[in-house]
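Hi,

Here is the structure I promised to pass on. My notes on it follow below, with the cut-offs spelled out as they come up.

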Amino acid sequence: MKNMSDLNLEGKLIQIYPGDSVQKWGNILHVTKEGIMVKVVKVDKGTWSSSDGWDVGDIHFLNWTKLRFKIC
């Protein structure tokens, strides 16, 4: 069975957790068997007053266990 790290995702622009109230996009910097490192490039708070810890330029590690994303 293929591993997510075999899918050549590095460098791809993704929408992180599509459907969340705070919309966020990032570039995948690194892929491992545990998850991905993403640099946030856009955050749309909508009507929320907080970006919920997601700010442009931040780098986040996202574990495969709970990760949902859409390739843009």
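Let's start with Lys 24: leaving out residues up to four places away in sequence, Lys 24 touches Ile 14, Gln 15, Ile 16, Tyr 17, Lys 42, Val 43 and Trp 54. Contact here means heavy atoms within 4.5 Å. Bear in mind that this is a predicted model, where local features need pLDDT of at least 70 and side-chain atom pairs count only at pLDDT 80 or more, while totals for chains, interfaces and linings use all residues. Residues are numbered from 1 along each chain as its sequence is written, and side-chain values use heavy atoms, with hydrogens and water left out.

Lys 24 sits in strand S2, residues 23-31 (strands are DSSP runs of E, at least two residues, numbered from the N terminus). Buried or exposed? Lys 24 counts as buried because its relative accessibility is 3% (buried is under 20% relative accessible area, exposed over 50%, partly exposed in between, with a 1.4 Å probe and protein chains only). A polar atom of the Lys 24 side chain lies 2.6 Å from the backbone oxygen of Val 22.

Another lysine to look at is Lys 42: its charged end sits over the ring of Trp 25, 4.7 Å from the ring centre. The criterion is NZ of Lys or CZ of Arg within 6 Å of the ring centre and within 35 degrees of the ring normal.

Now the rings. How many aromatic pairs does a search of the whole structure find? It finds 2. Rings of Phe, Tyr and Trp (its six-membered ring) pair if their centres lie within 6.5 Å; planes under 30 degrees apart are stacked, over 60 edge-to-face, and the rest tilted.

- Tyr 17 and Trp 54 are edge-to-face, with 6.5 Å centre to centre and 75° between the planes. Tyr 17 is in the loop between strand S1 (13-16) and S2, and Trp 54 in the loop between strand S3 (35-44) and strand S4 (59-63), so the pair ties together parts 37 residues apart in sequence. Both Tyr 17 and Trp 54 are buried.
- Trp 64 and Phe 69 are tilted, at 6.4 Å centre to centre and 45° between the planes. Trp 64 is buried, at 18% relative accessible area, whereas Phe 69 is partly exposed, at 23%.

As for the sheet, 5 strands form an open one in the order S4-S3-S2-S1-S5, with antiparallel pairing (two strands pair if DSSP finds at least two bridges between them). The edges are S4 and strand S5 (69-71), each pairing on one side only. S1 and S5 run antiparallel and are joined by 3 bridges, and Ile 16 stands opposite Phe 69 in S5.

Beyond residues up to four places away in sequence, Gln 15 touches Gln 23, Lys 24, Trp 25, Arg 68, Phe 69, Lys 70 and Cys 72.

Last one: Pro 18, in the loop between S1 and S2. Pro 18 counts as partly exposed because its relative accessibility is 24%. What does Pro 18 contact, leaving aside its neighbours within four places in sequence? Arg 68, Phe 69 and Lys 70. The C-alpha atoms of Pro 18 and Arg 68 are 7.1 Å apart, although 50 residues separate Pro 18 and Arg 68 along the chain.

Cheers

Note on methods. Helix = DSSP H or I, 4+ residues; strand = E, 2+ residues; numbered from the N terminus. Polar contact = N/O pair within 3.5 Å; in protein donor to acceptor, adjacent residues only side chain to side chain.
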